[in-house]
Amino acid sequence: MNKYLYVFRNEILLNLTYKGNIISSFIVQIIQMITTVFVWRALYSGENDIGNYNISEMTTYLILTSLLSVIFSPNSAFRLSTLISSGKLSILLIRPYSYFFESFSVFLGQKVVQICVVFIMIICFFLLGLFQFSFPNIVSILLVLTNFILLFIFLSVMGELSFWLIEMWPLRPIYNGLLSLFGGVMFPLDLLPESILNIIQFTPFSLFGYVNTKAIMGELSADAMFNFLIASMLWIIFFQIIYIILWKKGLKKYEGVGI
Amino acid sequence: MFFNYLKIVWSLSISQFFIYRLTSVFVCFFGVLFTTIEVITLFVLYHYTDSINGWDFYSFLTLSATYTLISYIYQFFFTLSHEKLIDKIVEGDLDYDLVRPIDSQLINSIKQLDIPSLINIVIAIVLLCFSVPHVLTGHIFGIVMYILFVLMGVYFYYLVNQFFINFAFWIERPYQIAAIPEYLLDIASRPRNVYPPILHVLFVWVFPILLSTNLPAEILRGDYSVVTLVYFLLFIILFSFLVRIQWKQALKKYQSAN
């Protein structure tokens, strides 16, 4: 266990060294958030409620999804790609630990710093009066944590594609595009017709964005929360199986030469 | 000479496009994906209202398509060259461009064309063909003015990018700074009157990035003000001089060492 704690601690220190990267990723997200929030606020000038949202609920929703999309970004999926293309994966494979848990420690180290920044920003937005805050209940926190683990396994599977793909970068904009659309970053998914919502809301992208945001805002019923929790766990099992299969097949293909 | 140079750049870019076919297909796919997301978002927004601060669905779609058009025309001509310029400065590879019989700023702005962006330009034009007939209040003069100001927008966006990339002469690998124009243009993808007064003043009168996309759409709608048109033109002229002076100062700073 100690070895993973060292990896975790090192990753936090590494992230704190490159503070500029963290700050810039949040600045980008805030700029994108500004464009979305002000268009929606302009929409409210002639309306009281849109869907189930009043103006402050909508602002809170849009701020929260934007900030969460930084935490739920696909960056960690590309670590394995770098290791494979450089051949450095071999070094990790002969070390006395599991690559899966080592990469989970790295993932946690990266995310802890981002989560801290998100908390600080939420407090800032709250103090500016742009954010309605309510303490999420235990089930909401459990749901967000489950989705967080799902993110790690989902990105791990995505990263495993680098055993077969030379160019991994196209996956980043595809992921971001799908998160914007199916994760409800541009608009809350419950503004879509119910038939479409029923299909989209249980996808991983919806769980990462829309569902997490609604859970933190305390706007999910107990039944809905339970359904999303089950969906998230089923996705974890599904992607875990895919991960194991791809890892075995990928290692057989891996030559360790590097380019 | 410049047109001969452009012909060579074009044929080289086409060859590269066919070498990296899969990458090109991906870039086309992203263009379609992000345009689809934008159009779906507009459908959702306009499901709840007929107008956002005076912009109806077709006007907003025209603005979005104009933003896409400006962004991808810039990308087609300049983005690959600008991306390479930072590394060339750091690695001292600029020397050869400085002794060629063509302007060094020009050659470092158009060295390779991004052919896949053409697909996204076509997508934007298709969107415009769909939206403009519902928006156009003037006549053929409005369309000519629109094309002129789209080109102005591209040139302005080029200048903004060149301005930030030139910082590479003074700061080592300023990738984050070089990305600022892209985020600024994101702000310009929305109608300027949705922003609060302070942002409006900042991005219309201090640094008119909002005008670069909003003016062409406003010209089509026939609700532009001559003051903003003239101001934008004057700003571009002054900014051109500023970027040119910055480039010359930057070359004095360049030491040719990697």
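Predicted model: local features only at pLDDT ≥ 70, side-chain atom pairs only at ≥ 80, totals over all residues.
Trainee: Why is α2(A) called roughly antiparallel to α3(A)?

Mentor: Helix α2 (residues 19–43) of chain A and helix α3 (residues 55–71) of chain A pack at an angle of about 155°, with their axes 9 Å apart. Angles over 145 degrees count as roughly antiparallel, and therefore α2(A) is described as roughly antiparallel to α3(A). The crossing of these two helices, α2(A) and α3(A), is right-handed.

Trainee: What makes residues of α2(A) and α3(A) count as meeting, and how do they divide by class?

Mentor: Two residues are in contact if their C-beta atoms, placed from the backbone, lie within 7 Å. On the α2(A) side the residues that meet α3(A) include A:Phe26, A:Met33 and A:Trp40, while those on the α3(A) side include A:Met58, A:Leu62 and A:Val70. The residues of this contact divide into ten nonpolar, seven polar and one charged, and A:Arg41 of α2(A) is among the residues in it; since Arg counts as charged, A:Arg41 belongs to the charged class.

Trainee: Which helix supplies the largest share of the side of chain B that touches chain A?

Mentor: In the contact between the chains, 22 residues of chain B face 23 residues of chain A, and the largest share of the chain B side, ten residues, comes from α2(B). By class, that side of chain B has 14 nonpolar, six polar and two charged residues.

Trainee: How do you know what confidence the predictor has in chain B?

Mentor: Chain B averages a pLDDT of 88, and 99% of the residues score at least 70.

Terms used. Residues numbered from 1 in each chain as written. Chains lettered and ligands numbered in written order. Axes fitted to C-alpha atoms, helices over the stretch in contact; angles between N-to-C directions. Helix = DSSP H or I, 4+ residues; strand = E, 2+ residues; numbered from the N terminus. Parallel < 35°, antiparallel > 145°, perpendicular 65-115°, else oblique. Left-handed = near helix turned anticlockwise from the far one by under 90°. pLDDT = per-residue confidence, 0-100.
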